[in-house]
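Trainee: Could you walk me through reading a structure like this one? I would like the general idea behind each feature, and then the case at hand.

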Amino acid sequence: MQQHTQLCLVTPLSLFFIFFSSLNVAIAAAGGSSGATENPFSPKAYLVRYWNKEVQNDAEKPSFLLSKASPLDAVGSAAFAKLAAQNGLSTRLPEFCSAANLLCFPDLAQSLEKHDKDANFAVYSDKNFTNYGTDRLAGVDSFKNYSLGENLPVDSFRRYSRDSVNHKDQFTSYANDGNVVDQSFNGYAAGATGGAGDFKKYADSVNVPHLGFNSYSDDSNGRSHGFTGYSENANAGDQSFTSYSKNGNGAPNEFTGYGTNANVVGSGFTAYGQSGNGANDKFNNYGNDQNNPANNFKSYGDGGNAGVETFTSYRERANVGDDSFQSYAKNSNGEKMDFTSYGKSFNIGSDKFTGYGKGARGQDIGFKIYGVNTTFKDYAKKETVSFKSYTKAGAGSVKAVPASGSMVKKWVEPGKFFRESMLKKGVVMPMPDIQDKMPKRSFLPRTILSKLPFATSKIAALKQIFHAADNSTMEKIIVDALQECERAPSAGETKRCVGSAEDMIDFATTILGRNIVVRSTENVNGAKHDVMIGSVKGINGGKVTQSVSCHQSLFPYLLYYCHSVPKVRVYEADLLDPVSNAKINHGVAICHLDTSAWSPTHGSFLALGSGPGRIEVCHWIFQNDMTWTIAD
């Protein structure tokens, strides 16, 4: 009897080792020729097994998709899944982010409390300057090349220079060339007397800048601030000026070259200069040459006294754009506002003036050469308003200003969109910059992902998990992604946001069936140069088909926005060096045959010179984006 029991114990154990060994062999084979053996209980090993179960063909497994699996080992995955179930991930966030390859901002280091002499911070980053310079008498602090080239710089200047006298701060080439920059100037220079804050070439060429000036110079007296070359050439940024110069006295602020050449930058001026006395604000060349800028001036100058606001060449030559002036200069006394060459977009934007100047006394408002498509609601009734050369949006008068060739190249990179006829052997065409600009991240294992909230109604829980403070970059990242994922689908679109490779496979198979393949452009060789088209292959015989395209979204973990794309043709093409004829890349292109529902201001029509429903539009699949189709 005892011997029989021992045999029963040995048999299951033997079977386990046989199963374990067979898994190792299968996973090693799936991993290619590297020879490395994957732990069969790791997230990547699980993904391989999931692919084998759900995808019913013998096509080669996509290495670029498998490489995005979580790097967590089996033990780490189980431990963090348990923490997630207990709402305890926030207590181990730095460790979790590092082990799981996530995008997380570091918690700020200890504050530099006091200093009694001039300071020079060169090549500096990720510091907390809370209360730095408080009560300082005179002096100069210089931040030159601060956070230069940093990938994820996080700096806090909270209550910096508060209550100081004649304290001058210089931010020159601050945070230039960074990626996902987070700078917070909350309560900066509040209550200061005199002095100056000078921001030159601040956040230049930054990808996704998020800059917060909340209660900046609140209650200050005669302190001037200059923003020169601020956020120029930035991509998809967000600037917040909340209660900026509120209750200030004689404080001049100048924004010169602000956001020039930026792409989709949003600026919020809430309660800016509210109840200020003798404010003098200048917006020179603000938002010029931008692509779809959005600026919100809410309660700007509300209750102000004898202020002067000048908008010169504001949003000139911008593409589309949307500005909102809500209760601007409302209840003010003797305010002077001058809008010169405001909003002369080459593609018509939208401007709203709601309650602008309402209840104000003795103001002088002038609009010279102002753009079209503007709404004036409850605008300064019975007050002095001058409109000179104002383009009224009457019947048949609303026309986009033709864009020059150089302007088209500025906003729509050559080669970003092209016609289907270009996909022929021997054609030389420009290749756009297809390099992935997103921070490197990995998918989460389903065992962890399923325990995390993902909804705007759960934003407080997400902020707590990822240490996202109010008005921070991380909060903005999370909110933007959730809003896009929860947006109603377009006509004929089926969409889903996925945070695991398994969820992506499920979505693709739901739309296309289980006999599918996924493709992406092989590498970034040839980007920003001319390439020659080599051999071309039409997927599914070059017939009109359906695909599922997946594009990255900015989020703490790797998140893709996937959507079905009907009526397309998908192509593979060898890309050659036009001089040597050597193969340098293997590109994947998708051609959208039905563009009737696209916006008339879509960049493709600007580049190709047409409109919705009149032409097909093709583009390459960029690095780390992908498209799924039925297998040939």
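Mentor: Happy to! Let's begin with burial: a residue counts as buried when its relative accessible area is under 20%, and as exposed when that area is over 50%. Cys562 is buried because its relative accessible area is 0%. Keep in mind that we are looking at a predicted model.

Trainee: How confident is the predictor, then: what is the mean pLDDT of the protein?

Mentor: The mean pLDDT is 76, with 49% of the residues reaching 70 or more. Over residues 1-35 pLDDT stays under 50, and the model has 16 contacts beyond four places in sequence for them. Residues 393-402 also stay under 50, with 11 such contacts. Where pLDDT is low, the predicted coordinates should not be read in detail.

Trainee: Back to the cysteines. How many disulfides are there?

Mentor: A pair counts when the two sulfur atoms lie within 2.5 Å, and by this rule there are four disulfides. Numbered in sequence order, the bonded cysteines pair as 1-2, 3-4, 5-6, 7-8.

Trainee: Which cysteine does Cys562 form a disulfide with?

Mentor: Cys562 is joined to Cys550, and their sulfur atoms are 2.1 Å apart. The link is right-handed, with 115 degrees about the S-S bond. It connects strand 25 (residues 545-553), which holds Cys550, with strand 26, which holds Cys562; the two cysteines are 12 residues apart. Cys550 is buried too, at 0% relative accessibility.

Trainee: Is the disulfide of Cys485 and Cys497 left-handed or right-handed?

Mentor: The torsion about its S-S bond is about -95 degrees, so this disulfide is left-handed. Cys485 sits in helix 9 and Cys497 in strand 22 (residues 495-498), so the bond ties together parts 12 residues apart in sequence. Both ends fall under the burial cut-off: Cys485 has a relative accessible area of 15%, and Cys497 has 16%.

Trainee: And what is the torsion about the S-S bond of Cys591 and Cys618?

Mentor: That torsion is about 110 degrees, so the disulfide is right-handed. Its sulfur atoms are 2.0 Å apart. Cys591 belongs to strand 27 (residues 583-592) and Cys618 to strand 28 (residues 617-620), so parts 27 residues apart in sequence are tied together.

Trainee: Now the nonpolar cores. Which residues have the most contacts inside the largest one?

Mentor: Think of a core as buried nonpolar residues joined through their side chains. The largest has 34 residues, and those with the most contacts inside it include Leu89, Phe96, Ile448 and Tyr557. Among the elements that each supply at least two of its residues are helix 4 (74-85), helix 5 (93-100) and strand 26 (559-576). Helix 9 gives the largest share, six residues. Apart from this core lies another, of 25 residues, with Cys550 among them.

Trainee: Which residues does Ile448 touch, beyond four places in sequence?

Mentor: Its partners include Phe80, Ala84, Leu89 and Phe96.

Trainee: Could we try a polar residue? Is Ser70 buried or exposed?

Mentor: Ser70 is buried, with a relative accessible area of 7%. This serine is in the loop between helix 3 (63-66) and helix 4. A polar atom of its side chain lies 3.2 Å from the backbone nitrogen of Leu72. Beyond its sequence neighbours, Ser70 is in contact with Pro43, Lys44, Ser442, Phe443 and Pro445.

Notes:
Residues are numbered from 1 along each chain as its sequence is written. This is a predicted model: local features need pLDDT of at least 70, side-chain atom pairs count only at pLDDT 80 or more; totals for chains, interfaces and linings use all residues. Side-chain values use heavy atoms; hydrogens and water are left out. A nonpolar core is a set of buried Ala, Val, Leu, Ile, Met, Phe, Trp, Tyr and Cys residues joined through side-chain atoms within 4.5 Å. Buried means under 20% relative accessible area, exposed over 50%, partly exposed in between (1.4 Å probe, protein chains only). Helices (H or I, at least four residues) and strands (E, at least two) are DSSP runs, numbered from the N terminus. Contact means heavy atoms within 4.5 Å. A polar contact is a pair of N or O atoms within 3.5 Å; within protein, one must be able to donate a hydrogen and the other to accept it, and residues adjacent in sequence count only if both atoms are side-chain atoms. pLDDT is the predictor's confidence in each residue, from 0 to 100.
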